[in-house]
Amino acid sequence: MRETETRNILVIGDLHEPFCLDDYLDFCIEQYKTYSCNQVIIIGDCVDNHFSSYHETSVDAMGGADELDLTIKRISRWYKAFPKAKVIIGNHDRIIMRKAQTSAIPSKWIKSYKEVLEVPNWDFVDHYIQDNVLYQHGEGGTARTSCRSNMINVVQGHLHTQAYCEHYVGKNFRVFGMQVGCGIDFSSYAMAYAKYGKKPAIGCSVVLNNGTLPINLLMPL
C-alpha cells in the first residue's frame, strides 16, 4: 500500500480453525473487494486448539496432530486469499504457549505462530494501533467499555454473540467501539460448550477512510 493511499481495512472475526464455516472466507473476500480494502487484520483466535483446551475436550475429537494438520490446511485458504495480514493473538492462539510456560519450557524451544501455521508473511501481534484505532482481541471486556476507558477507538472480537458499533460523543472527544462478529461453525464439537447459549453473530467489519468510518457487516445465513 502506498503511504499516501487511503487505508481501508477489512477486519476478520474469530476463525477458530479448523472449526470455521466454509462460506465465511468467501464472504470476507467479497467485503474486501466491495469496500476497496487494502489492509487486513484478523482480530484473534485464528486457531481453536481444542485438543489442548483448558476445558474438557470432546471424547470424539481429533487428536492433536490431526487437528493441527487440518488447521494448517484450512489456514492456507486464508493465506492464499490474504497473503499479508496483521493477526492479533487471541486466548485460543495462546493456549500452547501458556502450557509451555506452565511446564517451564523456555521460549527458545517453541516455534513462532507463523512457522507452525506456515504463514510467513502474517504478522502476529498482541494488539495493534493505527489511525487512533486500537485493534485487540478483547478478553478484558467489551468494545463499548474499552473505548471509553482508554479514550481511543476500539475494534475487537472474542465475544462471538455480539456484533455492533457504538459512538460516544463528549465535549472534547468522540470515540467508537466496534464488536466484530466471527466465523465459527456453531455445530462443531469444539463449540459444544456454548450450545445452550445464543447463536454466534457471523460477520466481519471494515474500518474505512483512515480509521474514520467503522462498519459492521453480518453475513446472510
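Let me start with what surrounds Gln-156. Leaving aside neighbours within four places in sequence, Gln-156 is in contact with Ile-43, Gln-136, His-137, Gly-138, Gly-141, Thr-142, Ala-143, Ser-146, Met-178, Gln-179 and Val-180. Contact here means heavy atoms within 4.5 Å. This is a predicted model, in which local features need pLDDT of at least 70 and side-chain atom pairs count only at pLDDT 80 or more, while totals for chains, interfaces and linings use all residues. Residues are numbered from 1 along each chain as its sequence is written, and side-chain values use heavy atoms, with hydrogens and water left out.

Back to Gln-156. The residue is found in strand β7, residues 153-156. Strands are DSSP runs of E, at least two residues, and helices are runs of H or I, at least four, numbered from the N terminus. Is Gln-156 buried or exposed? Gln-156 has a relative accessible area of 1%, so it is buried. The cut-offs are under 20% for buried, over 50% for exposed and partly exposed in between, with a 1.4 Å probe and protein chains only.

Next, the aromatic rings. How many aromatic pairs does a search of the whole structure find? The search finds 8. Rings of Phe, Tyr and Trp (for Trp, the six-membered ring) pair if their centres lie within 6.5 Å; planes under 30 degrees apart are stacked, over 60 edge-to-face, and the rest tilted. Tyr-24 and Trp-78 make a tilted pair, 5.7 Å centre to centre with 55 degrees between the planes. That pair links distant parts of the chain, 54 residues apart: Tyr-24 is in helix α1 (residues 22-34) and Trp-78 in helix α2 (residues 64-81). Both of these residues, Tyr-24 and Trp-78, are buried. Trp-122 and Phe-124 also form a tilted pair, at 6.5 Å between centres and 55 degrees between planes, and both are buried. Ring pairs also join Tyr-24, Tyr-32, Trp-78 and Phe-82 into a cluster.

Phe-82 comes up again with Ile-29, which lies in helix α1 and touches Ala-81 and Phe-82, not counting residues up to four places away in sequence. Ile-29 is partly exposed, because its relative accessible area is 24%.

Two arginines have their charged ends over tyrosine rings: Arg-98 over Tyr-54, 4.2 Å from the ring centre, and Arg-148 over Tyr-168, at 4.5 Å. The test is NZ of Lys or CZ of Arg within 6 Å of the ring centre and within 35 degrees of the ring normal.

Last, the backbone. Most residues other than glycine have a negative phi, and most peptide bonds are trans. The bond from Glu-17 to Pro-18 is cis, with omega near 15 degrees, and Pro-18 is in the loop between β1 (9-12) and α1. Asn-49 has a positive phi of about 60 degrees; its place is the loop between β2 (39-42) and α2. His-158 has a positive phi of about 80 degrees and sits in the loop between β7 and β8 (164-169). Asn-49 is at 9% relative accessibility, so it counts as buried, whereas His-158, at 22%, counts as partly exposed.
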